[in-house]
Amino acid sequence: MYQRILIATDGSELSEKAVQSGLELARLSGASVVALKVVPRYPRSYFEGGATVDPAEVKRIEAHWGEAAQELVNSIKARAKADGVSAKAAVVKSDLIAEAIIAAAKKHECDLIVMASHGRKGLKRMLLGSETQHVLTHSHTPVLVLR
C-alpha cells in the first residue's frame with residue numbers, strides 16, 4: 001500500500017491526531033515514517049522600516065525553536081520505533097510551511113502526507129491562511145487530512 005509516509009506536525013493537540021493516525025497507518029501497511037516539523041524564521045522586524053530585533057536574540061530564539069522541533073520529531077520517531085515502525089526525524093527551517101512540506105515529501109520519496117487542518121473558514125482563513133489547503137492543491141503526493 002504505502003512505502004513511506006510523511007507526518008507533518010506543528011506540535012498542537014490537533015496535529016497529535018495526525019501523528020497517531022499516521023503512525024497507525026504506517027504500522028498497518030508496513031510503511032516507514034518521516035516525522036517533519038517546519039520551523040519558521042524569526043521576523044527581523046514586524047513592519048517595514050520598523051525597529052529590528054537584536055540579531056543575538058533572534059539567533060537564540062531560532063535555536064530554541066529548532067531544539068524544541070527536534071525534540072518533537074525525535075519523540076515521534078521513538079513512538080514509531082516502539083510500534084515496530086522504521087522512522088526518520090526531520091526539521092526544516094522555512095517561512096513557506098506548505099512548500100517545505102511538499103519539498104520534504106519529494107526529498108524523502110514519500111507516497112503519502114498525513115497532516116491536520118484547523119478547518120478555519122471566512123476571515124480567519126483569509127488572515128491566517130491555510131497551509132493544509134496549499135499542500136492539498138500543490139502537492140503531487142496524496143494527502144490525508146485530519147480535523
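Visitor: Is Glu57 buried, exposed or partly exposed?
Guide: Partly exposed, at 29% relative accessibility. This is a predicted model, so the value is computed from it.

Visitor: Which residue does Glu57 form a salt bridge with?
Guide: Arg60. The closest N and O atoms of that pair are 2.7 Å apart.

Visitor: How accessible are Arg79 and Glu16?
Guide: Arg79 is partly exposed, with a relative accessible area of 30%. Glu16 is partly exposed too, at 26%.

Visitor: What about Arg27 and Glu24?
Guide: Their side chains meet in a salt bridge, 2.6 Å from N to O. Arg27 and Glu24 both lie in helix α1, three residues apart. That is about one turn of the helix. Arg27 is partly exposed, with a relative accessible area of 40%. Glu24 is partly exposed as well, at 34%.

Visitor: Let's step back. How many helices and strands does the chain have?
Guide: Five helices and five strands. From the N terminus on, the elements run β-α-β-α-β-α-β-α-α-β.

Visitor: How much of the chain is buried?
Guide: Buried residues make up 37% of the 147 residues.

Visitor: And how far along the sequence do contacts reach?
Guide: Take the contacts between residues at least 6 apart in sequence. Of these, 74% join residues at least 24 apart.

Visitor: What is in the largest nonpolar core?
Guide: That core has 19 residues. Those with the most contacts inside it are Ile5, Ile7, Leu23, Ala26, Val33 and Val114.

Visitor: Which elements give two or more residues to this core?
Guide: They are β1 (4–8), α1, β2 (32–39), α2 and β4 (112–116). The largest share, five residues, comes from α1.

Visitor: What other core lies apart from it?
Guide: Another one of 17 residues. Among them are Ala8, Leu36, Ile113 and Val135.

Visitor: Back to Leu23. What does Leu23 touch?
Guide: Leaving out residues up to four places away in sequence, Leu23 touches Ile7, Val33, Ile76, Arg79, Ala80 and Val85. Arg79 also forms the salt bridge with Glu16.

Visitor: Where is Ile76 found?
Guide: In helix α2.

Visitor: Buried or exposed?
Guide: Ile76 is buried, with a relative accessible area of 2%.

Visitor: Which residues is Ile76 in contact with?
Guide: Setting aside neighbours within four places in sequence, Ile76 is in contact with Thr9, Val19, Leu23 and Ala35.

Visitor: How far apart are Ile76 and Leu36?
Guide: In sequence, 40 residues. In space, 9.3 Å, C-alpha to C-alpha.

Visitor: New topic. How many cavities of 30 Å³ or more does the structure hold?
Guide: One. About 30 Å³ of space lies in the largest cavity.

Visitor: What lines the largest cavity?
Guide: Val39, Pro40, Arg41, Glu62, Trp65 and Lys93. That lining divides into three nonpolar, no polar and three charged residues.

Visitor: One last residue. What is phi of Glu109?
Guide: Near 55 degrees. That is a positive value in a residue other than glycine.

Visitor: Where does Glu109 lie?
Guide: In the loop between α3 (97–107) and β4.

Visitor: And is Glu109 buried or exposed?
Guide: Glu109 counts as exposed, at 62% relative accessibility.

Key:
Residues numbered from 1 in each chain as written. Predicted model: local features only at pLDDT ≥ 70, side-chain atom pairs only at ≥ 80, totals over all residues. Heavy atoms only, no water. Salt bridge = Lys/Arg side-chain N within 4 Å of Asp/Glu carboxyl O. Buried < 20%, exposed > 50% of the residue type's maximum accessible area, 1.4 Å probe, protein only. Helix = DSSP H or I, 4+ residues; strand = E, 2+ residues; numbered from the N terminus. 1 Å grid on protein atoms, 1.4 Å probe; cavity = no way out; pocket = protein on both sides within 12 Å on 5 of 7 lines; lining within 4 Å. Points joined across faces, edges and corners; volume = space filled by probe spheres on them. Nonpolar A, V, L, I, M, F, W, Y, C, P; charged D, E, K, R; others polar. Core = buried A, V, L, I, M, F, W, Y, C linked by side-chain atoms within 4.5 Å. Contact = heavy atoms within 4.5 Å.
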